[in-house]
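Here is a short report for a first look at this model.

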Amino acid sequence: MRAVEAGGSLARLARDARARERELRREWVAARRTALRFEAASAAEQRVVAHLLLLLGYGWRLLADRRWPGTRAANVDLVLVGPGGIHVVDVKNWRDAPRVADGHLFAGERPRDDEAAKLSAITRIAEEAVGPLGISPVAVQPLMVFAGHRVDAVLGRIRLLGEAQVGPDLAALPARLDPAAVAVIADRLARVFPAYEDTVRAPVDPVPPGPRDGAFDPREFAAATLRAARLGPIERWMTYLDPGQCDLVRADWPGPARITGPAGTGKTVVGLHRAAYLAQHGAGRVLYVTFTANLPRVQRTFLADLAPVAVDRVDFHTIHSWALRFLDEHGARPPGLDAARAAAAFDRAWSETSTETRQTRTHERLTRIAASPAYWRQEIDHLIKGRGIETSAEYARLPRPGRRTRLTRAGDHDAVWRLYRRYEQLLRAEGISDFNDVLTAALRQARRRPRVASPYTSVIVDEVQDLTLVGVRLLHTLVGDAPNGLLLIGDGQQAVHPGGFRLADAGLVIPDEHTHVLRRNYRNAPDIVRAALEVVASDGYEDPALGRVTAPRPLEFADRTRAPDTPAEPNPAVIRANLPSPADHDAALLTTLLADPRTWPDTAVLCRSGADVVHYADLLARAGIPVCPLARYEGRTTAGVKVGGYIRAKGLEFKHVLLPRYDLAHSTCDRGGLAARERAEAARRRLFIAMVRARDTLWLGHVTPASTPNPPTPPGHPTRPIR
């Protein structure tokens, strides 16, 4: 009996030993596979590093195999900092080819969204790390690189590239950071993502000696980046974001918000970076509405440089171009849209007020107020149709915001309404529509919810002061009061159309804490701002929240080397060229431009009328100066001088601006009628807008005939070269 028990005990021991052996073999096999996988991953990472080594010669810095803060063992494969921005790189050595489908990441058929989530989390840490330096979150990009595969895809904000593509792709990025900024940022990220001490480092010196965080002054860094941006092409300058504005880009607003401030305070730049940020971090599309027709092309170009992965998730449009596309998608476009025929219909309606006997009183009443028919076309476009006014009684009660001239006599409102009704009758009789009809139809269609769902989670409206009330209601309808849904950007002092509105008129309630007033001018030399403000010193403007504003807002300057009220320097930023004849004036303008051809790509000649645009474009071309029509400018550096009208330049900036015959900018105003003062203010506001397009120098051309007694003496020389 004991022998049997002893034999059974030995058998159990043998079975246990065999089981342990099998377990150890399984562990050994698993460990070997893990080791091989890590070796393969390490080899893949080394191959990617080898592809990226070429970037070191272009001013890039590479941090390899770094710790993930807050974790015990997780790592960050690579962090790249260079002229093209900051990239957090995750290297993958997948057997199956990666693919993106319906917003998800797959390795073959296997879902791998967990890898994308991990990379996004690391990228957010990098964003927070460089935030105190004033670096826009748009500058930090996640990048997934696949060894052994060729791929070029986008998953949300993550770019997916093959190992052989990553080096050339990053090398081709436009320069946005100078060497000093690269060194400081890389040093900071090296501290946030420390190196593993027990791993083999990539054969790259990751960060050159640089300032320590504790001894580094963020204000010095901000000043250095500002100087670097000013030295680059004007296109680079137009996307410069001041460090103090990064919080607005990352802000989390529970509803509609508003950014306002004087010209030159960076409102449009904040809006552009905000669009990129929302496109990268949000789940839906972003609509960015601008005012001037060529601005959508320019802004799209800028966004493609700032955040290439976001550009296809942001739609840039004017309000009318978007409304037309929206209506076409729903088969609801108004019949016969024709701006030229609509203008002809208005001219006919105006003509009838003076030719038909029964309408004589209408013509007398209207011309007593404003002799120009253009004044009354604006009245209809912006204060009647643009506000959705449907009855004469409703129009009679309207305060007419944006109009300084009141309709005080009995019958004045009725006269305007008769002109409007006749214009509408002619449109309908001919089966045509104007652009106000487009916005009205789009608003009606957008309100047909839930049948019409908005494709956007966010809408950013730049130059909102120039939209009609119907246009603002339309854009508000697309996103309602959703968090981070609607952002209004604008400045009433730069309005070019009447018909200002109150936020409440559009159904908008924006608390004071969601209204941000920018007060620091980053663009203009102080003398330029002073000269421009002198033009509109006695004029007020309409603000959507404050109503009529009569006093200029306080302003600070990024460049504090000179205060705005100090005397002009020997080489002033504002050059007043007073000449005795138009021929002498044009010769002086050419002499100024020909003095330094290197300035041409950053220079604009802005004109008060279409005829002047044609004249000066031809003048420059005959002098051998290349010309880039502002209407065709797309936001890329060109060899030619930009030439265009005052309003066409809205939203743009130039290092040097020349305003030929700016003294005639008021000549289109009504010489008679009660509205003469109002139209003079509008002309001065257009001139103000053109003047503040200038960053470094502003050339003001003026003709004062020699026979004029006591002609004004301009400061500076009329042909001093711009620099």
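Leaving aside its neighbours within four places in sequence, which residues is Met 691 in contact with? The model is predicted. In it, Met 691 touches Ile 528, Ala 531, Ala 532, Val 535, Leu 659, Leu 698 and Leu 700.

Met 691 belongs to the largest nonpolar core, which has 74 residues. Leu 606, Leu 659 and Met 691 have the most contacts inside this core. Helix H8, residues 267-281, gives the most to the core: eight residues. A second core is separate and has 35 residues. Among them are Trp 68, Ile 86, Trp 94 and Leu 133. In soluble globular proteins, nonpolar side chains tend to be buried together.

Now to the helices. Helix H10 (residues 319-329) packs with helix H17 (residues 469-479). Helix H16 covers residues 435-446, and its axis also crosses that of H10.

| Helix pair | Angle | Axes |
|---|---|---|
| H10 and H17 | about 55 degrees | 11 Å apart |
| H10 and H16 | roughly 55 degrees | within 9 Å |

H10 and H17 are therefore oblique to each other. The crossing is left-handed. On H10, Ile 319, Trp 322 and Ala 323 make the contact. On H17, the contact is made by Gly 471, Leu 474, Leu 475 and Leu 478. Six residues of this contact are nonpolar, one is polar and none is charged.

H10 and H16 are likewise oblique to each other. H10 passes H16 in a left-handed crossing. The contact residues include Phe 326 and Leu 327 of H10, and Phe 435 and Gln 445 of H16. Eleven residues of the contact of H10 with H16 are nonpolar, two are polar and none is charged.

Notes
Residues are numbered from 1 along each chain as its sequence is written. This is a predicted model: local features need pLDDT of at least 70, side-chain atom pairs count only at pLDDT 80 or more; totals for chains, interfaces and linings use all residues. Side-chain values use heavy atoms; hydrogens and water are left out. A nonpolar core is a set of buried Ala, Val, Leu, Ile, Met, Phe, Trp, Tyr and Cys residues joined through side-chain atoms within 4.5 Å. Buried means under 20% relative accessible area, exposed over 50%, partly exposed in between (1.4 Å probe, protein chains only). Helices (H or I, at least four residues) and strands (E, at least two) are DSSP runs, numbered from the N terminus. Contact means heavy atoms within 4.5 Å. Axes are lines fitted to C-alpha atoms, for helices over the stretch in contact, and angles run from 0 to 180 degrees between N-to-C directions. Angles under 35 degrees count as roughly parallel, over 145 as roughly antiparallel, 65 to 115 as roughly perpendicular and the rest as oblique. A crossing is left-handed if the near helix is turned anticlockwise from the far one by less than a right angle, and right-handed if clockwise. Ala, Val, Leu, Ile, Met, Phe, Trp, Tyr, Cys and Pro count as nonpolar, Asp, Glu, Lys and Arg as charged, and the others, Gly among them, as polar.
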